[in-house]
Amino acid sequence: TGAAFPNVKGVLSWPVPGAFLRDYGQPRAGGQLKWNGVLLGAPPGTPVSSVHHGRVVYADWLPGLGLLVIVDHGEGYMRLYGHNEMIVTELGAWVTAGEAIARVGDSGGQAQSALYFEIRHSGKPVDPHPWVGQAQGTP
């Protein structure tokens with residue numbers, strides 16, 4: 001229930017409070033690649049909240065992203081939540097905005113506890129910053 005995902009641009013909150021360790025578009029791998037999302041530093045076990053309602057379409061290990069949850073928000077929009085220490089939802093579950101879906105960790109080869117957060121539209125990465133409300137500021 002609630003507004004369609006394209007109608008919530010500019011009013012979402014970050015999935016965890018924390019500092020930006022890596023930001024969308026920053027170079028990585030020696031400048032050969034760019035970050036497709038953000039990496040938010042947070043203590044291990046911090047609840048990861050779904051930023052919008054949707055259906056869990058992936059909840060398992062993925063090489064490079066560790067324990068990963070992907071939520072489909074409809075109309076071609078998906079959110080990826082990676083490097084978790086634990087997944088607290090299940091494949092096929094419907095989740096609501098603010099519902100805990102995972103706990104922050106360092107899975108997938110991370111040197112420190114952090115959440116990888118990415119938005120995709122029609123399979124392509126999208127800058128998450130315009131989607132978060134100005135009132136929320138930085139995590």
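This is a predicted model: local features need pLDDT of at least 70, side-chain atom pairs count only at pLDDT 80 or more; totals for chains, interfaces and linings use all residues.
## Strand pairing

Strand S10, residues 100-104, runs antiparallel to strand S5, residues 47-49, and three bridges join the two. Within this pairing, serine 49 stands opposite alanine 100 in S10.

Strand S10 also pairs with strand S8, residues 77-87, again in the antiparallel sense and over three bridges. Here arginine 103 in S10 has methionine 86 opposite.

## Aromatic pairs

Seven aromatic pairs are found in a search of the whole structure. One of them joins tryptophan 14 and phenylalanine 117: the ring centres are 6.0 Å apart and the planes stand at 75°, so the pair is edge-to-face. Tryptophan 14 lies in the segment before strand S1 (19-22) and phenylalanine 117 lies in strand S11, so the pair ties together parts 103 residues apart in sequence. Tryptophan 14 counts as buried because its relative accessibility is 10%, under the cut-off of 20%. Phenylalanine 117 is also buried, with a relative accessible area of 1%.

Tyrosine 77 and tryptophan 131 form another edge-to-face pair, with 5.3 Å from centre to centre and 70° between the planes. This pair links distant parts of the chain, 54 residues apart: tyrosine 77 is in strand S8, and tryptophan 131 is in the segment after strand S12 (124-126). Tyrosine 77 counts as buried at 11% relative accessibility, and tryptophan 131 is buried with a relative accessible area of 3%.

Ring pairs also build a cluster, which links Trp14, Phe20, Tyr81 and Phe117.

## The salt bridge

Side chains of opposite charge can pair when their charged atoms come close. The count for this model is one salt bridge. It is formed by arginine 120 and glutamate 118, whose closest N and O atoms are 2.4 Å apart.

The two partners fall into separate accessibility classes. Arginine 120 counts as partly exposed, at 25% relative accessibility, whereas glutamate 118 is buried, with a relative accessible area of 3%.

## The largest pocket

The largest pocket holds about 150 Å³ of space. Its lining includes both salt-bridge residues, Glu118 and Arg120, and among the other lining residues are Arg28, Trp35, His83 and Tyr116.

Strand S3 (33-34) and strand S11 (114-121) are the elements that give two or more residues to this lining. The largest share, three residues, comes from S11. By type, the lining residues divide into four nonpolar, four polar and four charged.

Terms used: Residues are numbered from 1 along each chain as its sequence is written. Side-chain values use heavy atoms; hydrogens and water are left out. A salt bridge is a side-chain nitrogen of Lys or Arg within 4 Å of a carboxyl oxygen of Asp or Glu. Buried means under 20% relative accessible area, exposed over 50%, partly exposed in between (1.4 Å probe, protein chains only). On a 1 Å grid over the protein atoms alone, a cavity is a set of points where a 1.4 Å probe fits but cannot get out, and a pocket is an open set with protein on both sides within 12 Å along at least five of seven lines; lining residues have an atom within 4 Å of a point. Grid points are joined across faces, edges and corners, and a volume is the space filled by probe spheres set on the points. Helices (H or I, at least four residues) and strands (E, at least two) are DSSP runs, numbered from the N terminus. Ala, Val, Leu, Ile, Met, Phe, Trp, Tyr, Cys and Pro count as nonpolar, Asp, Glu, Lys and Arg as charged, and the others, Gly among them, as polar. Two strands pair if DSSP finds at least two bridges between them. Rings of Phe, Tyr and Trp (its six-membered ring) pair if their centres lie within 6.5 Å; planes under 30 degrees apart count as stacked, over 60 as edge-to-face and the rest as tilted.
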